Amino acid sequence: MRTSAVVSRREFLRRTAATTVGAAAFPYIIPASALGRDGVPAPSERIVMGCVGVGGQGRHNMRGFMNLPETHMAALCDVDAAHLADARGEVESFYADRAASGSYSGCDGYNDFRELLARDDIDAVMIATPDHWHGVVSIAAAKAGKDMYCEKPLANSVAEGRAVVNAVKRYRRVLQTGSHERSRDNARYACELVRNGRIGKLHTIEVNLPIDNHGPIDNQPVMPVPEGFDYDLWLGPAPWEPYTEKRCHFHFRYILDYSGGEVTDRGAHIIDLAQLGNGTDHTGPIDVSGWGDFPKDGLFNTAMNYKFEFNYANGVHMVCECKGPRGVRFIGDKGWVFIHIHGGNLEADPESLLREVIGPDEIRLGRSPGHHKDFINAVKTRGVTMAPPEAGHRTASMCHLANIAMRLGRPLRWDPDHEHFIDDPEADRMLCASMRAPWHI
Amino acid sequence: MKCLIICALATSLLAQPPSSMDAAFDALKTYTFGQSREALSEIDATVQAAYGDADARAQLEQRLADTILSGCTDDAARFVCRQLAVIGGEASVPALASLIDHETLTGAAIDALERNPSEAAGDALIAGLYTQNPRTKLGLVHALGARGDARAVDPLRQCFLADPRSPVAAAALLAVARIGGPGGRTLIKHVLTDGLPEVRSAAVDAYLVFADGLLVAGDTQGAWAIYDVLIAPAEAGHVRAAALRGRVRCAPEDASGMLLDAFESGDPPLQAAAAGLIRELPEDANLRPFVKRLTSLDAAGQLLLLDALANRRAPVDAAVFETLLAGEEAVQLAVIRAMPACGDERCAALLVDQAATGKGEVKRAARECLSAMPGTKVNAELLSIARGDDVPRAAEAVRVLGERGATEAAEPLMRLAKRAADPVCSEAWRALRNVAKAEDAPKLVAMLVTLKEEAARGNAERAVAATAARIADTERRAAAVIDALNETSDEAARASLLRALGAIATPDALVALRNALNRENEALRAVVVDALASWPDPAPAQDLLRIAENPSNDAERAKALEGCVRLMRSLKDKPAEARLDTFKALAALARDEAEKKRVLAALGDLPALATFDLIDALATDPALEAEAALAALNVAKVVWGAYPEVVNPRLETLAGGLDDNLRIEAQALLDLMPRTEDYITAWRVSGPLAVEGKVATTLFDGAEPPDDATAGWRIMPMGLDRNAPFVADLGRALGGAECVAFLRTFIHAPAAGPALLELGTNDGVKVWLNGALVHALNVGRALTPGEDKVQMHLDAGWNTLLLAVFQHGGDWAACARLRAPDGAPLAGLRTAVTPE
């Protein structure tokens with residue numbers, strides 16, 4: 001019999017904790033010897049997760065992680081007690097169905113994410129709050145030694161995004177931005193076609209970003225805060241404003257204090273693929289200009305129609321318009337390829353491009369086992385995710401730059417290395433979002 | 001020039017006496033949330049337009065500040081703070097400072113001051129620190145930290161000392177760290193040395209921030225000293241990881257040594273941090289020392305290091321990999337996954353070994369990695385193994401050459417396919433499917449005709465078909481096979497060629513197979529029928545029906561029947577009525593229970609009124625009752641809107657049946673049917689239609705009623721949206737974007753007269769009544785029932801109502817009903833999908 005030299009992840013924890021004051025849990029690889037029957041990790045070896053924000057997309061992510069055998073969902077947090085109760089019920093019945101006893105009650109609920117992050121047994125957190133919380137929670141998670149899967153856009157301002165990247169780098173954390181379109185095989189293949197010159201020299205990227213039926217709405221009345229909803233905590237770092245129902249939950253994305261409208265919402269998916277195909281994950285454009293129709297009245301104030309453009313140092317021009325079909329077209333001097341968002345179907349001209357084989361000696365972008373699974377794999381190997389923090393930050397930055405240029409109504413020159421506008425200190429003042437105390441980045 | 005025009009506009013706006021700006025500022029003073037914010041938008045636009053005009057900006061800043069100082073609502077003050085956050089200078093500081101202690105405006109005021117570049121703004125923030133409100137104090141502390149104003153260090157220190165265990169104290173530590181300087185360092189060090197557990201983690205974070213600041217400023221010695229403290233085993237793992245990263249950045253020339261030491265320390269947090277940091281070493285960093293240590297690490301270290309080295313594509317000698325492959329499975333897998341990035345052609349043999357002899361995940365990973373190994377030399381190495389005597393390894397190498405698309409190996413693989421015994425022969429044929437070129441097709445056909453290795457026959461036929469598919473000219477694809485068929489009399493070869501024609505599936509291949517039907521013996525006829533029954537499109541459906549009607553034997557009849565049913569089912573876009581006769585014939589031909597069940601299942605996809613009679617005719621056998629009920633339910637789901645009177649009693653019967661699932665579904669449909677609210681549910685649909693290069697809005701202008709001969713009108717399934725069963729949900733029924741679909745119904749009016757069409761569509765719509773355009777709206781919108789109201793005049797008898805519904809993206813739907821001109825219900829109308 002061979003004795004394994006591999007130390008289990010939990011044993012690592014135990015050894016480390018013995019000499020550590022207030023040590024956070026330390027995610028680590030799961031060696032084969034720790035696997036239980038059928039390759040399913042033993043309970044003590046699973047990545048213990050918590051979720052911050054379990055409404056729409058948060059619930060979807062929660063299920064995605066819960067269904068991975070190597071994770072265990074131990075805690076949830078939401079400022080809406082109804083969301084929290086629903087989600088906890090779902091987690092507990094999920095584990096109850098798999099428990100010999102038929103019951104389970106080990107998923108704790110929190111109103112305040114700081115309590116969840118303070119738990120030593122949590123290895124990684126999923127963050128699906130409204131956008132204005134992304135930066136604050138991510139940075140706190142990094143400081144608490146947690147790895148994180150954070151919904152897109154990575155942050156609500158350029159400065160927040162840079163602070164997230166710095167904190168993640170500083171504490172050597174793993175972060176996956178929730179730009180799951182990156183994990184589609186078709187999208188990665190299309191980007192490989194572009195990166196390997198199959199469409200010739202790339203010169204233009206067209207981003208189609210239709211807004212569907214989400215138009216402006218009327219001014220809304222002040223309303224009493226519903227029972228079980230911690231409105232002050234929902235507002236968090238955002239400026240104080242009176243409660244009205246359509247400020248919160250799904251609608252927040254059309255109010256500039258909390259998000260950037262369609263531009264940062266699905267724009268963060270499409271521009272993300274544009275960045276991947278252009279090979280500019282680590283940088284950004286050198287100028288931005290655009291026109292946006294921002295409602296002059298009513299509650300919503302994000303752009304409802306828009307056209308904005310970027311130029312890159314590599315000579316590529318990107319233009320984004322509010323039109324369908326939703327997706328990104330890479331145009332080169334020998335053809336084009338179009339990626340449809342939310343489905344990943346491809347179109348190309350010539351059509352034969354889509355039968356091209358990427359050879360072993362060409363640029364290969366790898367394939368994802370799924371966006372959630374990819375994150376867990378990186379947590380185990382301390383590796384790099386499909387949507388790493390720098391890429392997530394650069395994509396979100398482009399969305400923010402577009403909104404700033406459209407709001408100011410003038411073309412802006414951008415220094416992607418130092419992340420500030422050139423000769424425009426006033427525009428620079430819009431690079432950070434408001435931080436209402438006690439929150440900060 | 002553009003800027004000058006904008007400035008002129010702003011100046012003129014400000015100059016208008018009494019301007020709309022006066023009115024806007026007046027409205028601003030009393031603005032509260034929920035009121036119109038048009039005045040605020042006007043001010044915002046003026047502020048933006050004044051960019052570049054210092055005088056105009058100064059006037060606006062003062063006016064905004066005066067709005068606060070002269071008294072305004074909280075909501076107005078909040079708006080002003082937002083404006084001043086972007087344009088404010090020294091002039092607006094007093095107004096903003098007056099709000100620092102305000103209960104709900106403190107955050108907005110501090111935010112505006114934080115971004116204000118004037119020294120006065122910093123003074124105001126420092127002065128505000130004497131507030132008694134801890135939340136305000138926190139905001140001020142963070143703002144001072146963000147501004148990096150060295151004058152704030154001592155006041156922040158005082159804040160800390162005033163209550164050193166409080167959140168304000170923790171924030172003050174971070175703030176002084178961000179500002180930098182010896183005062184801050186002393187304070188943080190003091191906290192770390194003297195305890196204070198409430199703020200210790202904040203002090204650690206602040207110390208790291210402070211050190212990172214020193215590093216950026218070039219004080220590596222000072223930074224190192226801090227990292228040296230924080231790397232101590234007593235600190236948390238992620239803090240030690242941060243400290244290790246800091247050390248590496250302090251002394252990049254020693255980075256490799258430090259990371260090696262971390263790996264060898266057996267200290268898990270440092271090992272994991274080192275694995276991550278290897279990825280960040282400079283591109284030209286020497287990674288050889290890491291590679292050398294691979295074999296001496298424990299398994300956990302090996303796993304981390306292998307992943308990191310693979311990320312850096314660091315070359316690893318095949319001998320090192322070979323040693324590591326003796327380890328446990330997790331290490332084996334890590335080695336295999338690292339090989340494409342770190343290995344060279346010498347790894348190919350190792351991987352082939354694992355692929356040929358390994359099991360489970362190891363075998364799968366080895367195969368995957370063999371496909372991904374870069375370098376043309378890998379193909380040469382694989383070819384060498386393929387030619388060897390070790391049959392399992394040779395077969396594996398041949399298989400991989402195919403997966404790698406090694407077209408340069410086509411000729412050697414053809415030789416192996418000719419001469420080698422199985423399994424190498426089979427694998428060679430399989431590989432040729434991927435690597436043979438179009439011009440190789442005749443050679444492959446010739447090889448297929450003389451093939452001796454029976455086990456390879458299936459792969460050989462598929463290789464011939466796949467190679468033929470690469471011939472650009474469709475009409476030439478089957479030529480070589482047809483020529484060979486005309487020349488060979490060998491029965492096995494003819495069978496292979498016939499099967500290959502079935503897989504090539506071009507029109508001339510179909511002609512050749514039809515001809516063969518009349519010439520071949522019974523065994524080869526069976527091959528032809530198989531090929532026709534597997535045809536990828538419905539072209540041979542009627543051939544199969546004729547075979548089923550006049551078979552040579554019962555097996556042939558059964559196969560033809562099965563194939564015909566499959567092909568007819570695939571014609572879902574064709575109107576059900578056009579398929580009905582074929583299905584009647586198939587129903588008559590079905591003999592045993594299995595065949596009848598197959599036909600019944602297909603009838604469920606035939607949404608026509610007459611389908612119910614066919615189902616009834618087949619369902620006389622009690623053994624078929626369940627299939628018949630399911631088929632009837634599936635038809636009812638689509639046609640209930642068109643024929644509610646016929647469907648209702650059938651659903652009543654199903655709802656009273658024994659099968660739980662059917663019962664529930666039938667009852668759900670019955671519950672749905674009364675909820676149509678007088679809307680038209682008898683629709684036929686045609687489309688979707690799209691035009692290359694056009695979006696829905698540009699498609700709109702040219703959209704005309706479709707030609708009946710080509711429209712392919714079929715019954716529109718209703719109730720797809722259970723909450724609104726009267727909505728024709730085109731998105732779910734058809735799918736598509738930037739396109740149009742047509743909905744048509746016939747309306748019987750007892751007498752001529754006016755009527756009101758109440759219409760809702762998502763997105764745009766055109767409406768024709770009896771061929772005349774009566775309504776057109778090119779719009780993107782959500783569906784609102786009755787949003788459009790169109791006055792029309794109905795003829796006595798049957799009228800034709802036609803809608804073109806356009807799809808921009810997202811949801812796609814329509815609903816319509818007819819009312820009296822005043823909106824009251826209109827009695828006496830009947831609607832139908834076909835005029836009676």
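In this predicted model, the interface between the two chains brings 77 residues of chain A into contact with 80 residues of chain B. The size of an interface is often given as the accessible area lost when the parts come together; for chain A and chain B the buried area is about 6000 Å², and carbon and sulfur atoms give 53% of that value. Within the share that chain A buries against chain B, A:Arg170, A:Arg172 and A:Arg429 supply 14%, which is more than any other three residues.

On the side of chain A that touches chain B, the elements giving two or more residues are helices H1 (9-18), H5 (131-143), H6 (158-170), H10 (371-381) and H11 (389-408) of chain A, with H1(A) giving the most, namely 3 residues. By residue class, that side of chain A divides into 34 nonpolar, 18 polar and 25 charged residues.

Turning to chain B itself, strand E5 (residues 753-762) is mostly covered, with 9 of its 10 residues buried. E5(B) runs antiparallel to strand E8 (residues 788-794) of chain B, to which 7 bridges join it, and here B:Leu757 stands opposite B:Val790. E5(B) is likewise joined by 7 bridges to strand E10 (residues 813-819) of chain B, again in an antiparallel arrangement, where B:Leu756 has B:Arg819 as its bridge partner.

How values were computed:
Residues numbered from 1 in each chain as written. Chains lettered and ligands numbered in written order. Predicted model: local features only at pLDDT ≥ 70, side-chain atom pairs only at ≥ 80, totals over all residues. Heavy atoms only, no water. Contact = heavy atoms within 4.5 Å. Buried area = accessible area lost by both parts, 1.4 Å probe. Helix = DSSP H or I, 4+ residues; strand = E, 2+ residues; numbered from the N terminus. Nonpolar A, V, L, I, M, F, W, Y, C, P; charged D, E, K, R; others polar. Buried < 20%, exposed > 50% of the residue type's maximum accessible area, 1.4 Å probe, protein only. Pairing = 2+ DSSP bridges.
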